[in-house]
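Here is a short briefing on one model, written for a reader who works with structures. Please keep the sequence and the coordinates open while you read.

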Amino acid sequence: MAKDLERIVEEFAENVAAQTEAIRRGDAKTGNKHASRYISALKKLRLEGDAGRDALAVLLKHPRADVRVSAAAFLLRYRTAEAKAVLEAAASGGGVAAIDAIMALKHWEEGTWNLDPG
C-alpha cells in the first residue's frame, strides 16, 4: 500500500508542476487537464484518510514552490503549523505559487477554507 500512496503523491506533484508550466505558457486547456489529474490524485489520497494525508505531507519539502504550496493548501486542517509555515514562506515569493499561498492563507484566516473537510 505504501508504494501505491507514493505513486499517487508523485502523480499529484507531477500534475501540479505541469499545470504551472501550462499556465506560464498561457495554455488553459492543458492546465485544466493537469488540474483534473492532481485533484483526482488528491481524492485517492483522501480515501486513505490520515495515511493519505501523511503521504501528501512529504511534498511540504518538495523542491518546487508550486508543489509545496499545493500540498500545504490541502493540508492546512491536518498539519496546520507546517502548512502555514510553507504558505507564509511562499507568499513572499513571486509567481503562481505566491498567489496560491496568499489565497489559501486568506481563506484560512477568514474561515472560508474548505479544501479538506473533516
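**Salt bridges, helix packing and burial**

Asp50 is partly exposed, at a relative accessible area of 45%. The model is predicted. Asp50 forms a salt bridge with Arg53, with an N to O distance of 3.4 Å. Arg53 is buried at 12% relative accessibility.

**The Asp50–Arg53 pair**

- Both residues belong to helix 3, which covers residues 50-57.
- Asp50 and Arg53 are three residues apart, about one turn of the helix.
- Asp50 counts as partly exposed because its 45% falls between the 20% and 50% limits.
- Arg53 counts as buried because its 12% is under the 20% limit.
- Beyond residues up to four places away in sequence, Arg53 touches Leu45, Leu75, Arg77, Tyr78 and Asp116.

**Other salt bridges**

- Side chains of opposite charge can pair when their charged atoms come close.
- The model has 12 salt bridges in total.
- One of them joins Glu6 and Lys3, at 3.7 Å from N to O.
- Glu6 and Lys3 both sit in helix 1, residues 2-25.
- They are three residues apart, about one turn of the helix.
- Lys3 is exposed, with 64% relative accessibility.
- Glu6 is partly exposed, with 47%.
- Another salt bridge links Lys106 and Glu110, at 3.0 Å from N to O.
- Lys106 and Glu110 lie in helix 6, residues 95-110.
- Here the spacing is four residues, again about one turn of the helix.
- Lys106 is partly exposed at 39% relative accessibility.
- Glu110 is partly exposed as well, at 47%.
- Glu21, Arg24, Arg64 and Asp66 form one network, joined by salt bridges that share partners.

**Helix 3 against helix 4**

- Helix 4 spans residues 65-75 and packs with helix 3 at an angle of about 150°.
- The two axes are 10 Å apart.
- The angle of about 150° is over the 145 degree limit, so helix 3 and helix 4 are roughly antiparallel.
- Helix 3 passes helix 4 in a left-handed crossing.
- On the helix 3 side, the contact is made by Arg53, Leu56 and Ala57.
- On the helix 4 side, Ala71, Phe74 and Leu75 take part.
- By class, this contact has five nonpolar residues, no polar ones and one charged residue.
- Arg53 is the charged one, because Arg is classed as charged.

**Burial in helix 3**

- Which residues of helix 3 are buried? They are Gly52, Arg53, Ala55, Leu56 and Ala57.
- The cover over these buried residues includes helix 1, helix 2 and helix 4.
- Arg53, Leu56 and Ala57 also make the contact with helix 4.

**Helix 1 against helix 2**

- Helix 2 covers residues 28-47.
- The axes of helix 1 and helix 2 come within 8 Å.
- They cross at roughly 160°.
- That angle of roughly 160° is over 145 degrees, so the two helices are roughly antiparallel.
- Helix 1 passes helix 2 in a left-handed crossing.
- From helix 1, the contact draws on residues including Leu5, Ile8, Val9, Phe12, Val16, Gln19 and Arg25.
- From helix 2, it draws on residues including Gly31, His34, Ala35, Tyr38, Leu42 and Leu45.
- The contact divides into 12 nonpolar, five polar and four charged residues.
- Leu45 of helix 2 takes part in this contact and also touches Arg53.

- Is Gln19 buried or exposed? Gln19 is buried, with a relative accessible area of 16%.
- That label applies because 16% is under the 20% limit.
- Gln19 is placed in helix 1.
- Leaving aside neighbours within four places in sequence, Gln19 is in contact with Gly31, His34, Ala35 and Tyr38.

Technical notes. Residues numbered from 1 in each chain as written. Predicted model: local features only at pLDDT ≥ 70, side-chain atom pairs only at ≥ 80, totals over all residues. Heavy atoms only, no water. Salt bridge = Lys/Arg side-chain N within 4 Å of Asp/Glu carboxyl O. Buried < 20%, exposed > 50% of the residue type's maximum accessible area, 1.4 Å probe, protein only. Axes fitted to C-alpha atoms, helices over the stretch in contact; angles between N-to-C directions. Parallel < 35°, antiparallel > 145°, perpendicular 65-115°, else oblique. Left-handed = near helix turned anticlockwise from the far one by under 90°. Contact = heavy atoms within 4.5 Å.
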